[in-house]
Amino acid sequence: MDYHFDWGVISRNADNLVNALLLGLGLAVVSLVIGCVIGLVAAYARVSGRLWLSAPVRAYVEFIRCTPLLLLIFFVYFGLPEFDITYLDKTESFILTLSLYAGAYMSEVFRAGLASIPKQYVEAAKAIGLRPWQRQRYVVLPVMFRITLPSVSNNLISLFKDTSLAAAIAIPELTFTARQINANTFRVMEVWLTASAMYLVTCYIIATLLRLIERRYASIR
């Protein structure tokens, strides 16, 4: 094997790699937050019992689940300008795409969470005189989020890995930055091994922190 490792290229580009990693993590967190809002609204529409609300949401979920994420990214970034929607830059268009993608999956998570809430909780809330919005605010939503917390955690990790697809539209997250460094230095093994390790370590840290949160809050009390 004639390949000789030169890890100096990594130390010289460490700042760029770390900044790119933080950008990807930020994209994932923002998209998850927006996706949770979309998913919660969609979940309530699904369980509303009104066909005119549930049918469009069901179509949206099936469309997102059956369409590759990369294709959705291209459609939003390259397709929307054809309809004179030109006010989104590449980062905003990616966040929009990833948020819609996350929202479809989170709607199913929240729908299952709403369906799994013990009826005794709602009945008890009615018995003490809570109004419908108070029952949702103080009983249904807190219990639902505790039930769905593990799934929300898994979606954050998945979205963080999906941010690597932002490289397709030249957003300087970790994969795009690693590809640029590789193109400039031709240090294939060092660059991609480092990028892989950064993804692995970051996902492990996120998973560990989220497991601690789950142990504290995920159970129904």
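Student: Which residues in the largest nonpolar core touch the most other members?
Tutor: This is a predicted model. In it, the largest nonpolar core has 48 residues, and those that touch the most other members are Leu32, Phe94, Tyr101, Met106, Phe110, Leu159 and Leu174.

Student: Which elements give two or more residues to this core?
Tutor: They are α1 (8-12), α2 (14-46), α4, α5, α7, α8 (174-185) and α9 (188-217). The largest share comes from α5, with 10 residues.

Student: Take Leu32. What does Leu32 touch, not counting residues up to four places away in sequence?
Tutor: Leu32 touches Met106, Val152, Asn155, Leu156 and Leu159. Two of these, Met106 and Leu159, are also in the group with the most core partners.

Student: OK, zooming out. How many helices and strands are there?
Tutor: The chain has 9 helices and 0 strands. Read from the N terminus, the elements go α-α-α-α-α-α-α-α-α.

Student: And what does the C-alpha trace span?
Tutor: Along its principal axes, the trace spans about 75 × 45 × 30 Å.

Student: How much of the chain counts as buried?
Tutor: The figure is 42% of the 221 residues. As for contacts between residues at least 6 apart in sequence, 79% of them join residues at least 24 apart.

Student: Back to α4. Which of its residues are buried?
Tutor: Helix α4 covers residues 69-79, and its buried residues are Leu69, Leu72, Ile73, Val76 and Gly79.

Student: What covers them?
Tutor: The cover includes α3 (51-65), α5 (90-115) and α7 (132-162). Setting aside neighbours within four places in sequence, Ser93 is in contact with Val76, Tyr77, Leu88 and Ile169. Val76 is one of the buried residues of α4.

Student: Is Ser93 buried or exposed?
Tutor: Ser93 is buried, because its relative accessible area is 2%, and buried means under 20%.

Student: Which loop holds Ala170, and what is its phi?
Tutor: Ala170 is in the loop between α7 and α8. Its phi is near 65° too, again a positive value in a residue that is not glycine. Ala170 counts as partly exposed, at 29% relative accessibility.

Student: New topic, cysteines. How many disulfides?
Tutor: The count is 0 disulfides.

Student: Are Cys36 and Cys66 buried or exposed?
Tutor: Cys36 counts as buried, at 17% relative accessibility. Cys66 is exposed, with a relative accessible area of 61%.

Student: Next, pockets. What volume does the largest pocket have?
Tutor: Its volume is about 180 Å³.

Student: Which residues line it?
Tutor: The lining is made up of Ile117, Pro118, Lys119, Val122, Glu123, Lys126, Pro132, Arg135, Gln136 and Val140. By type, the lining has 5 nonpolar, 1 polar and 4 charged residues.

Student: Which helices supply at least two residues of that lining?
Tutor: Both α6 (119-127) and α7 do.

Student: Staying with α7, where does Pro150 come in?
Tutor: Pro150 is in helix α7. At 29% relative accessibility, Pro150 is partly exposed. The C-alpha atoms of Pro150 and Leu210 are separated by 8.0 Å, although the two residues are 60 apart along the chain.

Student: Last one, Glu214. Which helix is that in, and is it buried or exposed?
Tutor: Glu214 belongs to helix α9. Glu214 counts as buried, because its relative accessibility is 18% and the cut-off for buried is under 20%.

Student: How far is Glu214 from Leu40?
Tutor: Their C-alpha atoms are separated by 20 Å, and the residues are 174 apart along the chain.

Technical notes. Residues are numbered from 1 along each chain as its sequence is written. This is a predicted model: local features need pLDDT of at least 70, side-chain atom pairs count only at pLDDT 80 or more; totals for chains, interfaces and linings use all residues. Side-chain values use heavy atoms; hydrogens and water are left out. Buried means under 20% relative accessible area, exposed over 50%, partly exposed in between (1.4 Å probe, protein chains only). Helices (H or I, at least four residues) and strands (E, at least two) are DSSP runs, numbered from the N terminus. Contact means heavy atoms within 4.5 Å. On a 1 Å grid over the protein atoms alone, a cavity is a set of points where a 1.4 Å probe fits but cannot get out, and a pocket is an open set with protein on both sides within 12 Å along at least five of seven lines; lining residues have an atom within 4 Å of a point. Grid points are joined across faces, edges and corners, and a volume is the space filled by probe spheres set on the points. Ala, Val, Leu, Ile, Met, Phe, Trp, Tyr, Cys and Pro count as nonpolar, Asp, Glu, Lys and Arg as charged, and the others, Gly among them, as polar. A disulfide is a pair of cysteine sulfur atoms within 2.5 Å. A nonpolar core is a set of buried Ala, Val, Leu, Ile, Met, Phe, Trp, Tyr and Cys residues joined through side-chain atoms within 4.5 Å.
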